[in-house]
Structures are given as C-alpha cells and as structure tokens.
Amino acid sequence: MREWWRGAVMYQIYPRSFLDTNGDGVGDLAGITAKLDYIADLGVDGIWISPFFKSPMKDFGYDVSDYCDVDPLFGTLADYDRLIEKAHALGLKVIIDQVISHTSDAHPWFTESRASRDNPKADWFVWANPKPDGSPPNNWLSIFGGSAWQWDTRRRQYYMHNFLTQQPDLNLHNPEVQDAVLAALEFWLQRGTDGFRLDTANFYMHDRLLRDNPAKPADTAPTGDERPDNPYFMQFHRYDKSQPENLLFLRRLRELLNRYPDRMAVAEIGDDDPIGRTAEYVQADLLHTAYNFSLLNDTFNAPHIAKALIAFHQATDDGWPSWAFSNHDVKRVVSRWGGPDADPRLGRMLTALLSSLRGTAFIYQGEELGLPEAEVPYDKLQDPYGITFWPDFKGRDGCRTPIPWDVEAPQAGFSTAEPWLPIPEAHRKLAAGAQAHDPESTLAFTRQFLRWRRSHPAFATGAIRFLDTADGVLAFERVLDGERMLCVFNLTGETRIWTAPTVQIAPTDAPGLGGRLEGGRVALPPYAAFFGAVAAEAM
Ligand code: TEU
Ligand code: CA
C-alpha cells in the first residue's frame, strides 16, 4: 500500500476566509466542518488548515500564544474534534500548521523569558547583548522589514525575530524548548491529526556565534520569493537559518511522528538554494516531504517547471517533493501567471498540471474556482507585511479574501456580517454555488479531473520523464508498472501543435481540456492539455 501522502492532492484552508458560521465576519472551524462534503467532493485526499491556535493575530495566527488551544475566534477544541471526526468519516486526512520557529510575544513562555536574564526560561528565546555602541549584535534582517533584533528595555538585551517584532524566535538549540514544542505536536497527534505543515522549518536554528550574513552581489541570480524592494533578500542567509543543528532537531520530530501510525510532516523551506535545501530536508529519517517557493514565484514557463522537478529528483533519489502554485502568502496563480485578465482556461489547465507533477500537490482554497487575485485598497489592508512595503509590494491580503459561496447571498454567502477583508465583485460571479451547476466551470473541471486522476495510479507515484519544454509546451510522462501516461500542456495563449516522439499514443477519457490527437500529433488550443496512453514499448 502506498503511503497516503505520496502523490496526494491536499486542499489548503485559510480558516479566517473559508466560511463564517457565527456572524463575526471571520471564518471558523465550524465553517470548515460545514464544508467538508464540498471538499471531499472535489476529489482531494485531505486538507491543510492554516493556524487556528490562540493568537493575538498580529500575523493572523502565525503568532501563536498557546500551542494547545483553539483561538475563541475560530471555536473550541471540541469543534476541532468534530472537524477531525467528520473529515475522517469522509476519508479526508487532516494536517495542521505548526509554527514553532517563533511564538507570539504574548506567549507565556516569552513573558517569562523577557522578565529577567536568569529566570528558568531566560534562554528559551534568542537573546543577545548589544554591540558596545548599543546597536544590534549583527546585520540579520527581518523578512517583514528592519533589523531582526528588537531591543527589550527590561533585560537590556535584544531578542531576535525573523518576522514581526511580535514573533520572537524560539531558541531551539535549547533541548527544553525542543521538548516543549514536541509535546505540543504530540497533543495534536493524540487528537487524531494526520500530520503537520511545518511553518518556516529551516528557520528553527540560528548560528550561535551570531555571525553577520554576507551581502549578495548585485548580479546574483534570483532564486525564488525575493522582493527587490526588500533588503532581506539582498543578503545570503548563511547564518540566520538553515543551520546543521536544524536537521538533528527534525530527526527528533520524525521519531515522534513515527510513534503514531500513518502520520506525516510537510516542511515549508525558504532558502537561497531552494531546491538543494528542500531535498536536504526530505529524507527517510527527517521529513516526509517539503515544498519551496520555486513554483510560487512569477516565473511561468515550461523549462522552469521541468528544471525544478529535475533538480529535486537529482538532489535526492528517493525524497518526495510537494508542489504548490498558490498559497496564503503569494499572489493567486491565475493573476500571477496570467495577468489581470487571465483566460479562465489557464486556471483549469494549471489545476491539471499541478496534480500531474510528481509529488504531493497543494491546492489553495479558491484555486478550484479559478479566483483571481483581489485588489485590496490601502485603507482595507490587514497584512502588516503589505502595510510596511506598500505600494511596491501590496502584501498578502489579495489572496486571503473570503471564499464566495453564493452569488445571490449577502457577502457572497461567506458571512452575515461585514467580512474581515472585502469580497471583490469579480469573485461573486465565480461563487462555488454558481459553478456547481455549470458543467463548463473551473469547479466542475476540478472535480472531474481529480476523480479521473485517482483512477490512474501513475499520477500518484509514477516516475516522471520530461519529453519537451520548447515553445511553451510542457510534455512529460508518468510511468508506473505497465501504465505510461503522456501529459502535454500548452502554457501559452496561442495554438500549438506538438509532435509526439511516437505514434503509439491512444487518447484517454480525461475530462476535456481541449487537446486532441490528430494523426501522430497533439493539437493544443490555448491553455489546453492532453492526456494520452502510451503503448508500453513506445517512447
Ligand atoms: O511564511 C514564511 C515566509 O514569509 C516566506 O514567504 C519567506 O518569505 C521565505 O521563507 C524566505 O525565504 C510563513 C507563513 O506561511 C506566513 O504566512 C507567515 O507570515 C510566516 O511564515 C511567519 O510565520
Ligand atoms: Ca466566525
């Protein structure tokens, strides 16, 4: 039996924006439970829920003040238990975010740690003395702007934060801290949680000598999620993350997971060397799988996608990657890769492409509806990252607006109150309820495609062999046992004719994306795809 997470299609839920059941304008756990039938109907294998733990919400839940409780805004532990029970009854796995690189500054551990230099938790966070002139100990920067060091008047020391000043970095070099966070993970494992998405999993450890990061030469090739306007991305992050001790800690984390049957962890790895670093974390005694930002950036072309997969598989023989085109941190993919007036066929093709790549696929809520990025005006912005860097970078609110469920209902059926972020008018007509009745819709396509995909095991665990990346066409085959599935995608808005290296291709009953077999050639209208069965001896 294959391990369930290999080649699974997972659906990411950003709980604030999924469905509000108590009329406060913010989505909640009961809202997720209410829509589990909808999710199961998509044909996905499970869900990843972004943080719903106790939090002052400075970073909308990625600042946790109690790892073992649900924030009242989202519900209760009993709501979580109900969610798990119903998900499992529907055959859906549930993985949850764990944000253990940092806590909220309101976490009692930090309150205690900052109280003095000699309390029992004094060393639970990353504290350092100022330089003789009073300035921070080194040149490390926060991704969200400014120095990574925040002065604390009581301890008369700096504490480190990779993100907001309200997200102090836990000192995971300290074995007591490791024990404490692993205990929190175990709390959720005991409640039946199937696994974890580990937030910023390569940020757990810092260089204990606090050495300065080197500056990047101006001509350094971009690697992933850089923002030219953000000084953070002008350094090599040699010392503030991705330290060797990180892997030792993750080995402990893996040992914990191994004590429970069928559990998994997927890491988020943001690094100067995205592919190499991701591969390093995905090992039999470390993490089951990991994703990086290679396919979450602006680069959209066939060679780039092929290169990311090939480089990963070259870096690790048996390591298992995960891929995402969208999430709660980046511009929604149809707008990112298709521009402001993206062709609706692009979204459908991308859903098919993502779930055809070798790896575990993460679909972000709304991707199944083909939602474009929302324009959120400055006065409605919520994301502190966006507020700091406006207008060069508009932040992450545009991908976090609430899901439209119903064309007619107030607030598109998301809530009875004014939602925490506005729902764009353009999203209303894409409401799930409307698309459900339209056989040509992105939602209908997603359901048909994922169902069809399930009946061909080569998509889940088959090897991948790239055939062509020229001229806007991405062609590869997935191979498992006797099955060879040819997958051809037209990444352009123009017609393409692709000549297959063999004529022994038979069409399949894949739900229509417009690609047709004509003689030995595959005719591809704009953003079309074609799936063909290859005779075993061919190619
Ligand atoms: O994101 C990490 C993050 O901000 C990356 O996009 C980062 O730019 C990259 O790793 C640097 O190479 C996670 C969460 O997904 C995000 O929502 C949180 O705000 C953040 O961690 C802090 O917890
Ligand atoms: Ca609510």
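A: The protein chain holds 15 helices and 21 strands. Its radius of gyration is 23 Å, close to the 24 Å that the globule rule gives for 539 residues, so the chain is as compact as a globular protein of that length. This is a predicted model, and the values below are computed from it. Along the principal axes, the C-alpha atoms of the protein chain fill a box of roughly 75 × 50 × 45 Å. Of the 539 residues, 52% count as buried. Among contacts between residues at least 6 apart in sequence, 66% join residues at least 24 apart.

The helix to look at is H8, which runs over residues 302-315. H8 has 14 residues, and from its first C-alpha to its last it reaches 20 Å, close to the 20 Å expected at 1.5 Å a residue. Its buried residues are Ala302, Ile305, Ala308, Leu309 and Phe312. These residues cover an arc of only 145 degrees around the axis, which puts them on the same side of H8. A general point about helices applies here. An α-helix has 3.6 residues a turn, so residues three or four places apart point the same way.

The buried ones are Pro274, Ile275, Arg277, Thr278, Ala279, Glu280 and Tyr281. The cover over them includes H8 and S12, together with H6, S10 and strand S11 (289-291).

Tyr260 is found between helix H6 (245-258) and strand S10 (264-268). Tyr260 is partly exposed, with 14 other C-beta atoms within 10 Å. Its C-alpha atom is separated by 9.4 Å from that of Glu186, a residue 74 residues apart from Tyr260 along the chain.

Phi of Asp471 is near 65 degrees, a positive value in a residue other than glycine. With 13 C-beta neighbours inside 10 Å, Asp471 counts as partly exposed.

Another positive phi occurs at Ala412, where the angle is near 50 degrees, again in a residue other than glycine. Ala412 has its place in the loop between H11 and H12. Ala412 counts as buried, with 26 C-beta neighbours inside 10 Å. Pro391 also lies in the loop between helix H11 (384-389) and helix H12 (425-428). The peptide bond from Trp390 to Pro391 is cis, with omega near 0 degrees.

Eleven residues surround ligand 1, and the closest are Asp59, Tyr62, Phe163, Thr200 and Gly270. The shell around ligand 1 divides into four nonpolar, three polar and four charged residues.

Technical notes. Residues are numbered from 1 along each chain as its sequence is written. Chains are lettered from A and ligands numbered from 1 in the order in which they are written. This is a predicted model: local features need pLDDT of at least 70, side-chain atom pairs count only at pLDDT 80 or more; totals for chains, interfaces and linings use all residues. A residue is near a molecule or strand if its C-beta atom, placed from the backbone, lies within 6 Å of it. Ala, Val, Leu, Ile, Met, Phe, Trp, Tyr, Cys and Pro count as nonpolar, Asp, Glu, Lys and Arg as charged, and the others, Gly among them, as polar. Helices (H or I, at least four residues) and strands (E, at least two) are DSSP runs, numbered from the N terminus. The expected span of a helix is 1.5 Å times one less than its number of residues. A residue is buried if 20 or more other C-beta atoms lie within 10 Å of its own, exposed if 12 or fewer, and partly exposed in between; C-beta atoms are placed from the backbone. The arc is that of the directions from the helix axis to the C-beta atoms. The radius of gyration is taken over C-alpha atoms; the globule rule is 2.2 Å times the number of residues to the power 0.38. Two residues are in contact if their C-beta atoms, placed from the backbone, lie within 7 Å.
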